[in-house]
Amino acid sequence: IFERDWVAEDIDGGGVIDKAKSTLRIGKDGGVSGRGGCNGYFGSAKIDGNGIAFGQIGATQMACEQAMMDQEHKFHDALGRVATYAIADGKLVMADKDGKAILRFAAGS
């Protein structure tokens with residue numbers, strides 16, 4: 001999970017816009033960065049076993065087409081609800097506190 005780029009394949013069961021890549025990178029120090037779909041973002045995560053909680057996320061403020069901005073908003077909202085993670089079939093899957101998968105990532109190239 002650490003020190004690699006993950007590319008979102010699904011956000012809250014709604015798929016993603018291919019050209020609006022939402023990415024996630026988690027450092028071993030808990031630093032988090034990536035692209036929401038339009039803007040770069042940064043923050044931190046606390047990881048305990050398979051539990052994970054993202055702290056406050058900061059982002060640049062560029063404007064993009066509405067669909068990309070909508071995806072970015074959904075992505076950041078989903079990150080805020082993540083409670084656990086697992087690797088399954090090479091995918092990073094993050095779930096909410098009820099165990100519902102809300103984010104699925106493929107390893108970036």
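A residue counts as buried when its relative accessible area is under 20%, as exposed when that area is over 50%, and as partly exposed in between. Keep that handy; the model you're looking at is a predicted one.

**Exercise 1.** Find the disulfide and say which parts of the chain it ties together.

*Solution.* 
- The structure holds 1 disulfide, and the cysteines it joins are C38 and C64, with an S to S distance of 1.8 Å.
- Check the cut-off: the sulfur atoms of a disulfide must be within 2.5 Å.
- C38 sits in the loop between β3 (31-35) and β4 (40-48), while C64 sits in the loop between β6 (58-59) and α1 (66-81), so the link ties together parts 26 residues apart in sequence.

**Exercise 2.** Describe the surroundings of N39.

*Solution.* 
- First, locate N39: the loop between β3 and β4.
- With a relative accessible area of 2%, N39 is buried.
- Leaving out residues up to four places away in sequence, N39 touches G34, T60, Q61, M62, M69 and E72.
- Finally, zoom in on Q61: its backbone nitrogen lies 3.3 Å from a polar atom of the N39 side chain.

Methods. Residues are numbered from 1 along each chain as its sequence is written. This is a predicted model: local features need pLDDT of at least 70, side-chain atom pairs count only at pLDDT 80 or more; totals for chains, interfaces and linings use all residues. Side-chain values use heavy atoms; hydrogens and water are left out. Helices (H or I, at least four residues) and strands (E, at least two) are DSSP runs, numbered from the N terminus. Buried means under 20% relative accessible area, exposed over 50%, partly exposed in between (1.4 Å probe, protein chains only). A polar contact is a pair of N or O atoms within 3.5 Å; within protein, one must be able to donate a hydrogen and the other to accept it, and residues adjacent in sequence count only if both atoms are side-chain atoms. Contact means heavy atoms within 4.5 Å.
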